[in-house]
2 protein chains.
Amino acid sequence: MLHIGALEKLVHELSRLPGIGPKTAQRLAYFILKTNNDYPEHLSEALLRVKAEIHECPRCFNYTDSDLCRYCEDAHRADDSICVVEEPADIMRIESSGAFRGRYHVLHGAISPLEGIGPQELKIKELIERIDEGIKGNGPVIKEVILALDADLEGDTTILYLAKQLQGKGLKLSRIAHGVPIGSDIDFIDDRTMGRALQNRVEL
Amino acid sequence: MLHIGALEKLVHELSRLPGIGPKTAQRLAYFILKTNNDYPEHLSEALLRVKAEIHECPRCFNYTDSDLCRYCEDAHRADDSICVVEEPADIMRIESSGAFRGRYHVLHGAISPLEGIGPQELKIKELIERIDEGIKGNGPVIKEVILALDADLEGDTTILYLAKQLQGKGLKLSRIAHGVPIGSDIDFIDDRTMGRALQNRVEL
């Protein structure tokens, strides 16, 4: 519809990004065309650099541009507890809370039969290996595993699966708490969250 | 905050796009990292192709990848009327209505003293030249100029300026109508639009 091959190609590629529809992609493409500076070159270079420089940390599968990621490399973190997350971006949320000073393990997704994602598509085998290496004395002994997965069906399914797999390994296994978010009005909390908040009430 | 140079660079470049904040840029960057295919290469190539292949039509300043744009080249369009628009993307809206079969002229913006955009930053001199060439007999004679500019302060200012500049050139000069959009509920129309709709009422 734009009748210019290169412009149509750019709109097509941009609209493959999540949350970018054809209309937004077209607006972005026209913006890129209109910039009289080196922006297209800079963005293009940034895209290729990300692909060339960043890989998964061989221990925890977070993204990194060095041998190990900064959380695996940091000598000041506790070696005996692992926080399991779905995506590398989740680590930042946990880090900025300042409430966890152990190691991480990124699953790169959650079990979702609807999308055809089973346990073998995730870094679950590698998590179990990390724990087993500690038991065998080939690595740090893991005493606690905290599951910080999304509070949805896929997250719950993955938690159930992991709980079964990690049974009998002498671990303290927990999931992060569900409840009323800090600063929120009780009136606006949905039924399931309120149910959980009551169920997991904390004694004073 | 991401602690990975290449990733931070990509987030920075993406967040320069209109409507893409730092949070969205981060989500897009992680999506690009997660794709295991050639997407970064494809998008990068598309960006460079757009820059290399597309330029402004020397006659109407629409974007094109050939010598003249497709609307200037088309032998079946009326040579004596020009529709003036702010941006190349506006041409598509007019074309898809099917109500205009003349030529176009893209100003590449509108007069905006607040943003420091004066008449000399726009393709106004070139529009007047196109009309003058017709008067001199060096090009097609222009009989009608339709101003299809945005219905905002900048558009209005530009229309006033153009009307003054094009005075005495024997042209039929008009602007597109403002009024109630087709299919809309009278109840939801703002005061200024309703004022215009009443003022410009059409006799039956």
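How much area is buried between chain B and chain A, and what share of it do carbon and sulfur atoms give? In this predicted model, where local features need pLDDT of at least 70, side-chain atom pairs count only at pLDDT 80 or more, and totals for chains, interfaces and linings use all residues, the area comes to about 5100 Å², with 69% from carbon and sulfur atoms. Buried area here is the accessible area (1.4 Å probe) that two parts lose on being put together, summed over both. Residues are numbered from 1 along each chain as its sequence is written, chains are lettered from A and ligands numbered from 1 in the order in which they are written, and side-chain values use heavy atoms, with hydrogens and water left out.

On to the interface itself. Contact (heavy atoms within 4.5 Å) joins 50 residues of chain B to 50 residues of chain A. The rule for salt bridges (a side-chain nitrogen of Lys or Arg within 4 Å of a carboxyl oxygen of Asp or Glu) picks out 4 across this interface. One of them pairs Lys51(A) with Glu41(B), at 3.4 Å from N to O.

Within the chains there is more to see. The whole structure holds 28 salt bridges over all chains. In chain A, Glu13(A) and Lys9(A) meet at 2.8 Å, N to O. The two sit 4 residues apart in helix H1 (residues 5–14) of chain A, so about one helical turn separates them; helices (H or I, at least four residues) and strands (E, at least two) are DSSP runs, numbered from the N terminus. Glu13(A) is buried at 2% relative accessible area, while Lys9(A) is partly exposed at 23%; buried means under 20%, exposed over 50%, and partly exposed in between (1.4 Å probe, protein chains only). Together with Arg16(A), Lys9(A) and Glu13(A) form a network of salt bridges.

Another bridge links Arg103(A) and Asp79(A), with the closest N and O atoms 2.8 Å apart. Arg103(A) belongs to strand S4 (residues 103–106) and Asp79(A) to the loop between helix H4 (70–73) and strand S3 (81–85) of chain A, so the pair ties together parts 24 residues apart in sequence. Arg103(A) is buried at 7%, and Asp79(A) is partly exposed at 38%.
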